[in-house]
Amino acid sequence: MNVYDTERMVDVMAPQGYEETDTPENADLVVLNTCHIREKAAEKVYSDIGRIRKIKDKKNGAGEEMVLAVGGCVAQAEGAEIMKRAPIVDMVFGPQTYHNLPKMVTNSLALKSRGEKSRILDTDLAVDEKFEQLSKNKVKGKATAFLTIQEGCDKFCTFCVVPYTRGSEFSRSIDDVMSDARKLAEAGVVEVTLLGQNVNAFHGVSATGEEWGLPQLIREIAKINGFERIRYTTSHPHDMTEDLIKVHGDTPECMPYLHLPVQAGSDKVLKAMNRTHDSASYKNIISDLRKIRPDIALSGDFIVGFPGETDEDFEQTMELVRDVKYAQAFSFKYSPRPGTPAAIMDNQVDEFVSSERLTRLQALLKQQQIDFNNSVVGKTLPVLIEGLGKTQGTVFGRSPYMQAVQIFVREINATDLQGKIVDVIIKEAGPFNIQGVLA
Ligand code: SAH
Ligand code: SF4
């Protein structure tokens with residue numbers, strides 16, 4: 001979602017003549033779009049501010065102006081502290097106010113030109129106004145695009161900051177989503193990924209007065225001419241309804257890939273996390289999905305070392321992973337986040353123990369990813385070409401299962417293939433990508 005938000009920030013600044021640049025040295029405006037989900041991500045902002053500070057000082061010394069903004073969830077959670085700790089920062093804004101960026105930049109420059117200090121803080125959490133503003137932006141034609149349909153969360157998992165930084169659960173109106181989707185298709189987008197912190201909690205009322213959830217929305221978006229692939233992320237097991245599972249069988253545009261975080265395999269830990277699902281209900285969802293779409297690739301998120309997690313609890317996570325067999329996964333050491341209930345639980349797990357568990361879990365997940373990638377060697381897969389590959393004579397694309405695919409094309413003009421879905425014979429597989437040639 002931060003990638004999506006960053007793209008929208010570029011969009012809102014475009015009418016003012018701003019465009020993206022590769023290096024901060026060239027920038028009149030630097031925005032650090034931050035993540036607060038784990039401590040490591042949140043701490044990064046201060047080292048980044050330090051790095052930008054040097055460039056900003058140098059520019060100021062040469063009589064040039066640079067506006068430094070901190071946006072995103074760290075800004076939302078620690079806005080006042082950032083202002084205090086880093087006087088070099090001109091403005092701080094949260095994930096729900098970045099549509100005001102042009103106004104904030106104008107104000108900042110006006111203050112500076114009067115020789116005053118620019119100190120702007122905008123961390124309101126109301127969401128509607130943001131989307132209304134963003135819908136006015138022009139869309140760029142690319143092969144793939146994100147489309148936010150839902151934001152925030154009311155689930156309050158005891159480890160998580162999202163409900164506090166992104167605000168409460170909010171679904172955009174169906175009219176707005178459909179209109180944005182049509183604009184993307186008209187601009188040549190072939191694959192759309194519907195985004196939300198709890199994307200499958202999406203709900204709304206259609207123009208004809210019907211209640212729609214995510215399944216209906218996917219089916220209607222699939223009818224829009226131009227979209228050949230639809231994905232959605234991130235889903236919560238609690239909202240994985242029977243109908244949403246069915247969509248994977250009745251809507252060919254809905255790709256055979258699902259990111260469905262489970263977090264842990266122990267029911268005791270899941271309860272302490274306030275996850276509202278247990279390992280059995282999670283595994284039932286997976287088996288229902290596989291009945292409908294046997295080839296579906298699964299991805300998940302895991303937290304190890306949650307307060308109170310014993311060796312036995314952790315073994316249950318390993319067991320669940322062996323059972324499910326993931327195509328891809330993200331796993332993290334539990335990170336205590338200020339203001340969340342788990343951070344003050346008195347049974348915190350030793351760092352060393354968590355590290356060991358993480359190493360073991362990651363080795364297993366990596367092996368499963370290799371196994372999954374190997375399972376497609378020799379097959380012909382439809383691959384959506386996103387652009388040039390890193391190595392000369394190659395293009396880069398994605399398989400239906402979200403695998404990164406490197407295709408050797410040699411004499412073919414690679415840009416001709418961009419945005420097209422081509423058949424690729426898969427020749428080799430590694431842990432992070434698969435390689436092949438055009439069929
Ligand atoms: N809404 C999604 C996840 C959003 S946060 C869901 O409920 O599944 C993305 C991932 O970050 C989570 O799935 C979790 O694995 C991880 N995460 C969140 N808070 C964390 C914390 N305090 N420590 C470690 N990992 C965390
Ligand atoms: Fe965080 Fe996801 Fe739980 Fe919401 S459902 S609190 S976003 S982990």
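Visitor: Which residues are around ligand 2?
Guide: In this predicted model, the residues around ligand 2 are Cys153, Lys155, Phe156, Cys157, Phe159, Cys160, Val162, Pro163, Asn198, His236 and Arg275. A residue is near a molecule if one of its heavy atoms lies within 4 Å of it.

Visitor: And by class, what does that shell have?
Guide: The shell around ligand 2 has seven nonpolar, two polar and two charged residues. Here Ala, Val, Leu, Ile, Met, Phe, Trp, Tyr, Cys and Pro count as nonpolar, Asp, Glu, Lys and Arg as charged, and the others, Gly among them, as polar.

Visitor: How should I read the numbering and the values?
Guide: Residues are numbered from 1 along each chain as its sequence is written, while chains are lettered from A and ligands numbered from 1 in the order in which they are written. Local features need pLDDT of at least 70, side-chain atom pairs count only at pLDDT 80 or more, totals for chains, interfaces and linings use all residues, and side-chain values use heavy atoms, with hydrogens and water left out.

Visitor: Thanks! New topic: what domains does the protein have?
Guide: The assignment gives domain 1 (2-125), domain 2 (128-374) and domain 3 (380-438); such bounds come from an automatic or database domain assignment.

Visitor: How many residues are in contact between domain 1 and domain 2?
Guide: 22 residues of domain 1 are in contact with 25 residues of domain 2, contact being heavy atoms within 4.5 Å.

Visitor: What area do the two bury?
Guide: Domain 1 and domain 2 bury about 2000 Å² between them, with 54% of it on carbon and sulfur atoms. That is the accessible area (1.4 Å probe) that two parts lose on being put together, summed over both. In domain 1, Tyr4, Arg38 and His99 lose the most area to domain 2, together 31% of what that side buries.

Visitor: How many salt bridges are found across that interface?
Guide: The rule finds two, each a side-chain nitrogen of Lys or Arg within 4 Å of a carboxyl oxygen of Asp or Glu. Elsewhere in your view, look for the side chains of Arg166 and Asp5, which meet in a salt bridge at 2.9 Å, N to O.

Visitor: Which helix gives the most to the side of domain 1 that touches domain 2?
Guide: H1, with eight residues. Helices are DSSP runs (H or I, at least four residues), strands likewise (E, at least two), numbered from the N terminus.

Visitor: Last one: where is Thr234?
Guide: Thr234 lies in the loop between strand S11 (229-233) and helix H9 (242-250). The peptide bond from Thr233 to Thr234 is cis, with omega near 0°.
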